[in-house]
Amino acid sequence: MEFYQLLYFETLAKVGNISHAAEHLNLSQSALSRSIQNLEKEVGAPLFTRESRGVTLNTYGEVFLEHATNAINEIQTAEHKIQDLINPMHGTIRLAFTQPLGSDYIPMLISAFTEKYPNIQFKLSQDTTRKILKQLNRDEIDIGFCSPFSANTTIEKYTILEEELIMLVPKNHPLSKQKEVHLDEFALEKFIVFKEDTSVREVTDYICHEAGFEPTIVFEGIAEKSIIDLVSKNFGVAIVPIGIPLFDFPVVPLKILNQPVHHRTQLTWAKDRYISPAVRNFIQFTKKLVDEQSNL
């Protein structure tokens, strides 16, 4: 059994179509088909169910995929370790971050880091907290900047930013003249919230439940500006981090008295997994930068 056969098998399992998988692998369809057929002969069982529109894993294939993926990951990890030993000042860091960090924080951090480590490259992506945590667990990324709220024993975390959550209301709201409010005063209000995959939404659901009500949701979004805009136009109220820019919209931030929950943005990485020197340097660099800024 050859390593390339495992790669071909894993790709076809993900894509589910011979022609598309062959194109992705830069192979002819016949070469890919022969490779899969030889693998099935060696395994001693068919791994796919052939259908008119493509292929799907059968029971044997699902079992084999789990172990094939583990084998591929182990071999690739070994390759990475060897390359790191050959040249520890080079490498690529796969980094994902949530939407609020994309405009300023991540560009600033990477720019400062690459001044010190100019030969380390980055592969960047932007997603929600829940998806970033899944990517870490699947070894699809090395580092995540996100805001996990629930306990997670598979992830290491380091807080880079901590913000109190506040209530945001339109200027003409009956409670807009107050500086502080109790959350249960909004039990009958309409809420504009962040989408379910985001950490702010997770915290919102939690603190509303603790206050004795489930929020009536009229809009779910991911962009801060659209949420604030809708609040300003009397579509509802919103719970947001205190540091969120209000873009000169006619809205009023109010302190929440009975549920002073904080929203933490954290540097995250997978626990009990090999960390390359490049990633380790980046983690240490970020921690040092955060410590220096907190001492100013």
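**A look at the second pocket**

Mentor: Let's start with the space itself: the second largest pocket holds about 710 Å³. A pocket here is an open set of points on a 1 Å grid over the protein atoms alone, where a 1.4 Å probe fits, with protein on both sides within 12 Å along at least five of seven lines. Grid points are joined across faces, edges and corners, and the volume is the space filled by probe spheres set on the points. Keep in mind that this is a predicted model, where local features need pLDDT of at least 70 and side-chain atom pairs count only at pLDDT 80 or more, while totals for chains, interfaces and linings use all residues. Residues are numbered from 1 along each chain as its sequence is written, and side-chain values use heavy atoms, with hydrogens and water left out.

Strand E6 (155–170), helix H7 (199–210), helix H8 (224–232), E12 and H9 each supply at least two of the lining residues. Those names come from DSSP runs numbered from the N terminus, helices being H or I with at least four residues and strands being E with at least two. By class, this lining has 14 nonpolar, 13 polar and 5 charged residues. Ala, Val, Leu, Ile, Met, Phe, Trp, Tyr, Cys and Pro count as nonpolar, Asp, Glu, Lys and Arg as charged, and the others, Gly among them, as polar.

For comparison, look at the largest pocket, with a volume of about 1,100 Å³. Of its 33 lining residues, Asn73, Gln76, His80, Arg94 and Asp139 are the closest to the centre. Helix H1 (3–15), helix H4 (59–86), strand E3 (91–97), strand E12 (262–270) and helix H9 (277–294) each give two or more residues to that lining, and H4 gives the most, with 10. Its classes come out as 9 nonpolar, 14 polar and 10 charged.

One last stop: Ser147, in the loop between strand E5 (143–146) and E6. Its side chain makes a polar contact with the side chain of His263 at 3.3 Å; that term means a pair of N or O atoms within 3.5 Å, where one must be able to donate a hydrogen and the other to accept it, and residues adjacent in sequence count only if both atoms are side-chain atoms.

Key: On a 1 Å grid over the protein atoms alone, a cavity is a set of points where a 1.4 Å probe fits but cannot get out, and a pocket is an open set with protein on both sides within 12 Å along at least five of seven lines; lining residues have an atom within 4 Å of a point.
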